[in-house]
Amino acid sequence: MRITNAEIAQLLSEIAEYLEMDDVPFKPRAYQKVADAIAALDEEIVEIHKKGGSKAISAIPGVGASIAKTIEEYIQTGRIAQYEELKKKIPVDLRSLTAVEGLGPKKIKKLYKALDIKNLDDLEKAAASGALAKVEGFGSKSVENILKGIEFVKTSGGRLILGNVFPAIEHIKDVLAKVKGVERVDIVGSARRKKETVGDFDLLAMAKDSGPVMNFFVHMDEVVHVHAQGETKASVRIKPGIDVDVRVVARESYGAALLYFTGSKAHNVALRQMAIKKGLKLNEYGLFRMKGGKEEKMIAGDTEEGIYNALGLTYVEPEMREDVGELELAQNHKLPVLVDYDAMKGDMQMHTNWSDGANTIEELAYAAMALGLEYIVITDHTKRLTVANGLDEARLLEHMKAVDAVNAKLKKEGKKFAVLKGSEVDILKDGSLDMSDAVLAKLDVVGASVHSYFNLPREAQTKRIIAAMENPYVDIIFHPTGRVINRRPAYDVDMDAIIEAAKRTKTALEINAFPDRLDLKDEYVRKCVRAGVKLSIGTDAHAVAHLSYLAWGVGQARRGWAERSDIVNAWPVEKMKKMIK
DNA sequence: GCCGTTTTCGGCCCGACTGTTTTCAGTCG
C-alpha cells in the first residue's frame, strides 16, 4: 500500500491538534504548517524520500530535522511513535470531530475528559441526552450548534465540486449586488482561486454602510440557518447545504479585503511576514506603515495590485496564490503569464448522438460558435465502449462524412468555423487501440483513453498508457488519470513516466474540463508545463450545455501555471494541428 | 519545532464573532 501525501498531512495535522490540546506553544503551528505544505506538494513525499532520505524531506519549507525524522519513521515503519503516544492519551476520532463547525482541539479534549466522547456518535448521544449542556463551557446554544454541525458533516460529506455549485453562488452574488448602497460584490475564497472543490463560499461586498447588505443577506429565501451575524461579517447555510460567508468593507480597503479573503491562508501569511520585514503591517483593511507599535499611515489598500507593488511584488493571479513558489517569482518579476479565460480558440473533446451524446454535430457546432470558439473536435467513443454506443470502423468512416457535410453547410452560410474529425479511442488492456491505424490516419485528432481495467498494477497501467502514446496517430491522452472527484480515485500510474513519454512521443495530455474530473489535476499540469509537454483542454461535453465547462479547464490550467503556449487549443486551428503529432 | 537581509537565540499573522467562564477563550478563515 502506497503512502500518500494526504495521509502524512492528516497525521501531522492531528499531532498539531493534540499539541494544541495541551497548550504547547508554537509547536502546533509548526506541525500544521508542514501538514499544509505537504498537502499542497506536487511531488510524492515517498519519492522525495527515496531519492534523498530525510535530508531531502527537510528541504521542504517548514520542515526541519525533527519533523523530517517523523515523516521518515512513518515511511519506514508505517507508524509514528509520537502520534500513537498522543492518541493513547486522548483516543478520539479527530478527523470527524474537528469537521463539526465550532469544535476545535480544546473543546474536544474537554468533552473527552468530561463525557468520554470519542466520535460523532458519542457526541450526538451526549447532545441528545442533555449531558453535553452540563459540561463547563457548553450551554444550550452550543448543543444546538453541535447537533446542526453533526447533521451537516453526515449529509454533505465534506467538500463540494466547484463547477456544480458555482451557479448557485453566482446567483447570490448577483442578488447582493443589487442591494441599495452596494457598489460591488466578488466571489472570493478558494472559488476565486478555482480550486476543484470548495468547503464553503466567501463573498465580499463593497459598501459604505454594511447594515443593509448584512440584513438582506441573512434574510434571503435560500437561507436555512444563520451561523453568525456581526456588523461586517455574517455566515449562513443556504438550501443546497452550502455555507456562505459574506464580509462588507469600504472602498479604501477593498483591495486588502479581496487579497485577504481570496487566500490561500499560506499565501496571506507569507505576505504578512514580508510586510513585517519591511516595517509594515498587512491586514484585511490595508497595508500600514508602523511607528511605535501603532499604525502610522495606510500606504495601500484599495487595490490588490497596489498592495503587491508596495511589497515589491508583481500582481499574483488568484489561481497561483498557494505559497508554492509564486512569491519568489513575484519578487523577481518572473511570474508566468497565465493563459487567459478568453484565449481559447477550440474545444478538443465532445460527444454527439452518434455515440452517447445528446446533440447532433451541427447543434454542437452552432453552440460552440455562439460561445466565440473557432473550432471544435468531435470525439465520439469507439466500439469497445458498447454501453456508449461506440463507433466501429464503418460507422466512424460514415461519421467523418457527416462532419464534412456540416462543414460544407457552414461554409455555404459564410461561417468561419471548423468542425474537426476526431475520436475518443479506447486503450485496451495491453495498450493497443480498438480502432485500426488505417482509419485513425484519416482523422484530424485522435484522443485515446482508459475506460476499463482501472485496477491494473502501477507498472502495467503505466506501460499500457505509454504504449498508446507510442501509436503514431494518437495525439492526446484523454483524462489521463481517470479520477472522478469525490467518487473514484485515479488509477495507479507513474505520472512522471507518463509525462516523460508524452514529451518523447510528442503526445499532448488532456485537461478534462468536466467539473468532477478536472483531470489532469493542477500539480500534474505544473509538471507538464515544467517538462514542456503540451496540454489539450476538452470539455468532454455530452450535451450543448456542457460546452461552457471550458472555463473550468482553463482555471485548472492556470492553477498549473500554464501559459497560452502550453495549451494546444489556445491557438488557431492551423497552428494547433502543427502542435499535435 | 522552525527559521535567519533583526541569523544560532528569540521570535513566531491578524482580526471578527460567539457563547458563556461577567472579561475572555476558543474557533475560524
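Tutor: A polar contact is a pair of N or O atoms within 3.5 Å; within protein, one must be able to donate a hydrogen and the other to accept it, and residues adjacent in sequence count only if both atoms are side-chain atoms. This is a predicted model, in which local features need pLDDT of at least 70 and side-chain atom pairs pLDDT 80 or more, while totals for chains, interfaces and linings use all residues. Residues are numbered from 1 along each chain, chains are lettered from A and ligands numbered from 1 in the order written, and side-chain values use heavy atoms, without hydrogens and water.

For Gly64, a backbone N or O atom is 2.5 Å from a phosphate oxygen of DNA strand B. Two or more residues each come to this surface from H2, H4 (65-77), H7 (105-115), H9 (140-156), S5 (223-229), H14 (265-277) and S8 (280-283), where helices (H or I, at least four residues) and strands (E, at least two) are DSSP runs numbered from the N terminus. H14 gives the largest share, five residues.

Altogether 46 residues surround DNA strand B, with Arg29, Gly137, Gly139, Gln229 and Tyr260 the closest; a residue is near the strand if one of its heavy atoms lies within 4 Å. By class, the surface has 17 nonpolar, 15 polar and 14 charged residues (Asp, Glu, Lys and Arg are charged; Ala, Val, Leu, Ile, Met, Phe, Trp, Tyr, Cys and Pro nonpolar; the others, Gly among them, polar). On the DNA side, 73% of the atoms within 4 Å of the protein belong to sugar or phosphate, and the rest to bases.

One of the contributing elements, H2 (residues 27-39), also meets another helix: its axis comes within 8 Å of that of H1 (residues 5-21), crossing at roughly 165 degrees. Because angles over 145 degrees count as roughly antiparallel, H1 is roughly antiparallel to H2. Their contact (heavy atoms within 4.5 Å) includes Ile8, Leu12 and Leu19 of H1, and Tyr31, Val34 and Ile38 of H2. The contact of H1 with H2 has 12 nonpolar, three polar and two charged residues.

Technical notes:
Axes are lines fitted to C-alpha atoms, for helices over the stretch in contact, and angles run from 0 to 180 degrees between N-to-C directions. Angles under 35 degrees count as roughly parallel, over 145 as roughly antiparallel, 65 to 115 as roughly perpendicular and the rest as oblique.
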